[in-house]
Amino acid sequence: MSTASAGGAGQGPSGGQGCGQYGIVANVFERVSAVAGEDVRSLLGELQKCMRCGQCRASCPVFAESGRETDVARGKLGLLLEELGGDLRPDRELYARLTRCVNCGRCRLECPSGADTGYMLLEGRCLLQRRIGLPPVKAAVVRGLFGRPAVLRAAAAALGLVQALLFRPSPVDPRHVRSIWRLPVFGQRMLLPRMRKRRPATAPALAAGRRQYVAPADAPVVIYPGCLVDLGYPELLTAAQEVFARLGRRVVVPEGLVCCGAPAAYAGDADTARRLAAENLKALAGHLDSPGSRLAFLCPSCAVAFRHDYPAYLFGRMSGGTEALAAAGLTMDAVSDVAAKSVDATALAWELGIGEHLAGPPISASVTYHDPCHLRRLLGVHSQPREALRALAGGGFREAPRPDSCCGFGGTFALEHVAASAQMLDRRAGELASTGAQLVATACPGCMAWLANGLDRAGGGQRTVHLIELIARGLGGGV
Ligand code: SF4
Ligand code: SF4
């Protein structure tokens with residue numbers, strides 16, 4: 001990245017002078033507006049909402065670790081503005097700075113001027129990606145793997161073979177395996193979920209006396225498992241099926257669901273993200289027609305994609321959204337209907353009254369809880385998991401310090417910004433370990449896998465679990 005302007009946005013490592021370097025701002029807006037196309041004009045209009053107050057610095061987890069102005073929304077928006085104005089050359093370094101972000105949504109929710117930072121960061125990466133392309137490794141991951149379900153499955157199977165040879169089961173939790181050598185890219189030994197295949201989607205084997213639907217059979221709970229559950233934690237799907245079946249709901253896991261598209265969208269590859277989104281929406285056709293039907297997610301990042309990003313960004317205000325919607329043969333009403341029915345699985349189970357079914361003995365182990373950013377912030381789910389854990393573990397539930405902090409996973413962020421991600425992980429794992437709890441519960445398979453790795457490194461012997469597993473275990477009676 002090189003800058004032609006006197007003050008490159010966010011050059012100072014401390015960001016202490018804020019964005020005072022934008023004395024050029026008014027000129028840039030005028031200059032770019034005069035020549036820009038419609039997509040850039042829309043982005044510019046949103047950029048103008050940023051009053052450069054720096055409030056977003058208070059909550060950004062990446063900035064909290066690095067203190068670098070370009071890691072926070074204000075700094076990134078400044079970089080975008082300079083790029084649009086021609087003062088900053090579009091290159092890999094600029095792309096790397098724009099993607100130093102776990103896409104947690106904190107800056108969007110807390111911006112006092114209502115600037116839609118989520119839209120601007122996605123659109124900005126998208127415009128840049130169209131000019132310079134994706135870095136090759138990232139293209140291989142978001143297009144070659146997550147963009148192609150058959151290739152992803154084959155790669156997971158190959159990784160499973162590698163794991164059998166070069167990894168050893170974790171002594172704490174055998175569903176994770178630890179590499180015997182330092183892994184490339186990460187430069188250290190890593191704990192990963194053991195790759196497995198999801199069992200075919202079938203109704204759970206319920207005792208005959210419990211196979212009764214309380215809700216109409218045409219108002220099912222449709223479950224979207226997500227890639228990591230499919231390939232690494234298939235037992236979470238079984239647990240969710242059991243939980244909703246116990247609530248008297250017909251449970252459906254449609255065939256043909258693919259990656260939610262979030263890795264591609266966050267990378268700036270809107271075309272791949274839209275293709276995957278359209279495939280998912282078509283796979284769901286006919287399953288959510290009843291007003292009482294719900295779409296339940298085991299991964300809050302997938303839930304945010306369906307609930308917010310599809311209608312608001314991918315098929316909404318991002319450039320090319322309306323055209324992509326028409327090209328896919330979809331309507332905004334259909335996208336919005338699916339969005340309105342999308343909900344976190346554990347929150348839905350709690351809302352439907354699973355607490356009344358908890359009949360097993362309390363969890364004997366002590367347990368703490370990690371809030372996934374997307375669940376707590378963007379889906380507003382934070383009290384229900386705690387209520388569930390207090391019901392399940394009684395006095396054994398221990399709140400961790402800084403309940404709002406991020407584990408540093410952020411999807412491809414962990415792969416691309418290894419040092420920053422590891423720093424965030426080590427800090428969070430330390431906080432969770434400081435509770436002394438034996439189990440670390442969370443409600444996101446990504447956080448679960450990443451925290452398992454951090455806790456393994458910390459060496460305290462804690463194990464990660466998904467809340468839906470604990471709820472299923474708490475049902476007792478043969479679960
Ligand atoms: S909080 Fe909002 S207005 Fe303030 S600097 Fe950040 S993005 Fe801009
Ligand atoms: S989305 Fe989160 S990580 Fe990204 S800039 Fe905003 S607050 Fe920081």
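In the predicted model, V221 stands opposite R294 of strand β6. The two strands that pair around this position are β4, comprising residues 221-224, and β6, comprising residues 294-297, and they run in the parallel sense over 4 bridges. Helix α11, spanning residues 234-246, packs on the sheet and touches β4, β5 and β6, its direction making about 170° with that of β4. Helix α14, formed by residues 300-317, likewise packs on the sheet, where its contacts are with β4, β6 and β7, and its direction makes about 160° with that of β7.

The sheet as a whole is open and is formed by 4 strands in the order β5-β4-β6-β7, with parallel pairing. Its edges are provided by β5 (251-252) and β7 (342-344), each of which pairs on one side only.

Elsewhere in the model, two helices are packed against one another. Helix α2, which covers residues 38-47, and helix α4, which covers residues 73-84, pack at an angle of about 140°, and their axes lie 11 Å apart. Because angles over 145 degrees would be needed for a roughly antiparallel arrangement, α2 is classed as oblique to α4. The crossing of α2 and α4 is left-handed. On the α2 side the contact is made by V40, L44 and L47, which meet L77, L80, L81 and L84 of α4. By class, this contact of α2 with α4 comprises 7 nonpolar residues, with no polar and no charged residues.

Two ligands are also considered. Ligand 1 is surrounded by 14 residues, of which C50, Q55, C56, R74 and C111 are the closest. When the shell around ligand 1 is divided by class, 8 of its residues are nonpolar, 4 are polar and 2 are charged.

Around ligand 2 there are 14 residues, and those that come nearest are C60, C101, C104, R106 and C107. Helices α3 (61-66) and α6 (106-110) each supply at least two residues of the shell around ligand 2. The composition of the ligand 2 shell is 9 nonpolar, 4 polar and 1 charged residues.

Definitions and conventions
Residues numbered from 1 in each chain as written. Chains lettered and ligands numbered in written order. Predicted model: local features only at pLDDT ≥ 70, side-chain atom pairs only at ≥ 80, totals over all residues. Near = placed C-beta within 6 Å. Nonpolar A, V, L, I, M, F, W, Y, C, P; charged D, E, K, R; others polar. Pairing = 2+ DSSP bridges. Contact = placed C-beta atoms within 7 Å. Axes fitted to C-alpha atoms, helices over the stretch in contact; angles between N-to-C directions. Parallel < 35°, antiparallel > 145°, perpendicular 65-115°, else oblique. Left-handed = near helix turned anticlockwise from the far one by under 90°.
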